[in-house]
Amino acid sequence: MKENKHGVSRRHLVGPLSAALLTLVVTAATAFYASSKLWASDHRDSPTADANSQGDITDIFAFLDPNTPANLVLIMDVNPFAVPAETPTYRFSTTFLYQFKIANGPTALESVVIQATFANVATTTCASGQTISVYGPSVPPITGTNNILLNETPTVTGCTGTTLTQGTMQVFSGLRDDPFVADIGQLNRILNGSQDLFRAFPTSAVGALSGRAVRSDTTSGVDGFGGFNVSAIAIELPATAVAGSAADFLGAAGLVGIWGTTSMPGPSVFQPSPLSVSAPIEPAPTAPIRAFDRVPTIITPSHGLASSELAPDLRRPVFYSQTYVQFQRVGQQLFKTVFVPSASREAFNSSAPVDDMTNWVGLIPGTLTTTDNDGTGNTISGRAGLLTALGLTDASAATPGVGHGAPLLLPATFANTNANLLQVALLPDVLRLDVNLQPTGVLPGAAAVGGNGDPQLALGAFGLQNGRRPADTVTDILLTLARQLADVNFPASLGVPGSGPPRANALNFATDPRVLAVLQGTDWIKPDGQVGNVSGNVAPYGGNTQPLLATFPFLAAPNPLPGDPGTVGFPPQE
């Protein structure tokens with residue numbers, strides 16, 4: 001058993017209370033499946049994504065526009081860790097297919113897709129040097145992980161770097177401040193054993209635990225993504241265009257499932273064309289076609305098609321279509337970072353959400369309920385009581401800078417009776433958005449009344465939260481929900497809730513050393529008075545380094561060049 005730096009193995013820490021303090025980490029952290037460095041919220045999460053940053057999705061957002069509640073906003077970010085000093089070098093790929101996929105039926109099979117492609121142009125045509133073409137929303141001709149471009153005229157097309165409006169759709173594509181917030185540096189220190197916690201806890205039950213100091217503003221964490229930009233694709237359109245009139249994702253009225261994918265060119269295929277026989281006919285290409293080309297051709301027996309495909313007109317036009325093979329997908333925040341082993345992320349990125357319950361359910365632990373499952377009081381209420389007794393829920397504006405853990409996110413009376421709730425909430429890995437829940441504030445994630453009672457937040461009702469808004473503190477949402485709900489096998493000698501007979505689908509304290517990542521349920525990037533509030537925070541909203549916009553495209557402007565106004569730690573530009 002690995003010893004900690006205090007010279008005692010985790011399994012044999014003296015006293016039940018001392019041991020329980022450390023084992024609580026398991027409730028949210030033991031699913032970090034690698035002790036090596038990792039990136040959060042899907043930044044550089046697999047070899048293929050890492051090698052193709054223009055298609056490396058960092059985050060997906062989906063929410064109703066609080067200014068126009070009938071409209072849905074979708075945002076996809078790529079190009080992680082874009083350095084402001086190198087702003088002109090960051091572009092979208094001209095060969096990748098970027099897609100928002102929406103399931104409005106009972107399963108996680110896409111019902112509607114919105115696709116985006118990009119092309120390079122002269123800077124005299126577009127100052128950014130690129131154009132975007134958006135297709136859809138439309139029913140995809142092919143579902144799953146191999147797709148083709150929608151056979152239709154683009155819904156919106158124009159220069160990147162500007163807001164485009166055509167009909168009922170708005171589109172923005174270009175550099176924005178990375179809205180994801182997490183102390184990734186301290187997380188890596190905790191995982192490699194050089195630090196214990198996000199914030200130092202000198203009076204813990206096991207002695208002094210190292211961590212970051214409290215600053216004068218009562219924060220401790222450092223946003224590892226602060227100061228970096230991403231390339232964003234933001235689209236706003238009527239929600240009914242993707243939800244239809246009777247959305248019922250996973251059987252819930254008004255619910256849709258949303259995820260993003262990026263795909264690279266695969267083999268070309270013949271696709272039946274809606275064109276009439278009188279449409280222009282051109283020979284089939286003899287060389288590989290460029291991405292997104294649509295070349296009408298003549299069907300002849302030499303194409304290997306059955307005679308039934310040729311009758312009655314051998315000159316029936318078809319499209320010779322480029323296929324695209326998915327290499328990255330993102331749904332809910334931090335799912336891969338927390339639950340998918342690094343060795344499996346390539347396979348996960350190449351799979352479809354409709355198969356998640358079959359492929360990945362074994363990665364998700366069981367869930368505590370209102371019923372004791374091992375005879376030790378191992379319930380939601382029992383876990384909440386233990387967290388409180390250990391001083392891990394005391395962060396408060398009343399005592400700024402002295403908190404040791406985030407307040408409970410769910411009440412101790414949370415009435416869950418489903419031992420598989422975490423599996424249901426996390427799989428399939430897609431954002432779940434109830435289009436019937438109307439916004440309550442101006443800035444997404446900063447409700448007028450604020451607080452976790454914001455009805456549009458809907459914690460735990462469908463997934464981790466309802467959709468995802470730029471100001472929602474999603475890192476803390478996941479960590480605090482998991483530490484309250486995940487079942488854990490504690491050693492019997494501890495005599496704490498969860499130390500009874502082992503449960504097969506519970507996390508195992510004794511065999512997993514990666515237990516110090518989220519003991520406190522927060523990374524302390526926000527002041528103590530805001531740590532317990534995952535929605536409705538005052539500026540800069542959720543700990544973001546740049547002020548989020550209250551109107552489309554909602555993400556903050558990109559970080560300025562070093563030395564320009566708004567930068568920190570650089571001499572003024574002369």
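This report covers the overall fold, the model confidence and the aromatic contacts of one protein.

This is a predicted model, in which local features need pLDDT of at least 70, side-chain atom pairs count only at pLDDT 80 or more, and totals for chains, interfaces and linings use all residues. Residues are numbered from 1 along each chain as its sequence is written, and side-chain values use heavy atoms, leaving out hydrogens and water.

The protein has 13 helices and 20 strands (DSSP runs; helices H or I of at least four residues, strands E of at least two, numbered from the N terminus). Of its 574 residues, 57% are buried (under 20% relative accessible area, 1.4 Å probe, protein chains only).

Mean pLDDT (the predictor's confidence in each residue, from 0 to 100) is 80. It reaches 70 or more in 76% of residues. Over residues 1–37 pLDDT stays under 50.

The structure holds eleven aromatic pairs (Phe, Tyr or Trp rings, the six-membered one for Trp, with centres within 6.5 Å; planes under 30 degrees apart are stacked, over 60 edge-to-face, the rest tilted). Two of them involve Phe225.

| Pair | Centre to centre | Plane angle | Type |
|---|---|---|---|
| Phe81 and Phe225 | 5.4 Å | 25° | stacked |
| Phe180 and Phe225 | 5.1 Å | 65° | edge-to-face |

Phe81 lies in strand E2 (residues 71–82), 144 residues from Phe225. Phe225 sits in the loop between strands E11 and E12. Phe81 is buried at 14% relative accessibility, and Phe225 is buried at 0%. Phe180 is buried too. Ring pairs link Phe81, Phe180, Phe225 and Phe228 into a cluster.

Key:
Buried means under 20% relative accessible area, exposed over 50%, partly exposed in between (1.4 Å probe, protein chains only). Contact means heavy atoms within 4.5 Å.
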